[in-house]
Amino acid sequence: HAAGQPGQLSDASGCVVVYESVGCIGWMVLGRVEGDMAPAHGVGSTDEMAAVADDIRRINPEVATFQADMREEAQVEALVAYAVERFGRLDILVNNAAYMHRQLIEKKPFWEKELAAVGILDVGLRSAYVASWHAAKMMVRQGSGTIAFSSSFGASCYMHGPAYGAGRGGLAGGSTLFSPILSRKHARAD
């Protein structure tokens, strides 16, 4: 699992990955990754997630799914615990969950959109921190692991409003701010 530089993986064979889907309440793909096989995208509905899991199971029958509300800390903690219980470790966490308010892409000033659009800071920025907090405990204990943050160029320009930009910017900064601490413990953030 850990080879070369501290926190680096020599290859992806046998790694346990948690990949958050897009959406407040979504399914997570968990499984041992063999070679280059990894989930390409997240989906939110039960039927979509089942189809993705079935596709991946054709390559690797060990894949599992887990449904969680990323706004609920206890459910995020349960997700990490499930991965560790099922596979014995957690090698990679991909923070990719996001709240997509129905007015997100409307072409109007943010103050004319519903205040609920700020939910992207809860599911996206806060949920990534909570998931990383739980995952880091396991990765430090096992002496290796990677936490990845999925962002957007909307972090550096006006795209969909300030809440979107703040959330994406926070995720972009996550790897920079988590890395120095994790690298001392043979884990990393990207």
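**Notebook: elements, helix packing and salt bridges**

I counted four helices and six strands in the chain, taking helices (H or I, at least four residues) and strands (E, at least two) as DSSP runs numbered from the N terminus. Read from the N terminus on, the elements follow the order β-β-α-β-α-β-α-β-α-β.

I noted that this is a predicted model, in which local features need pLDDT of at least 70 and side-chain atom pairs count only at pLDDT 80 or more, while totals for chains, interfaces and linings use all residues. Residues are numbered from 1 along each chain as its sequence is written, and side-chain values use heavy atoms, with hydrogens and water left out.

I then looked up burial, where buried means under 20% relative accessible area, exposed over 50%, and partly exposed in between (1.4 Å probe, protein chains only). Of the 190 residues in the chain, 47% are buried.

For salt bridges (a side-chain nitrogen of Lys or Arg within 4 Å of a carboxyl oxygen of Asp or Glu), I found four in the structure. Arg-89 and Asp-91 pair at 2.7 Å, N to O, and both residues are buried. Arg-71 and Asp-69 pair at 2.8 Å, N to O; Asp-69 counts as buried because its relative accessibility is 9%, whereas Arg-71, at 42%, counts as partly exposed. Glu-114 and Arg-102 pair at 2.0 Å, N to O, and these two residues lie 12 residues apart in the loop between β4 and α3. Arg-102 counts as exposed because its relative accessibility is 62%, while Glu-114, at 34%, counts as partly exposed.
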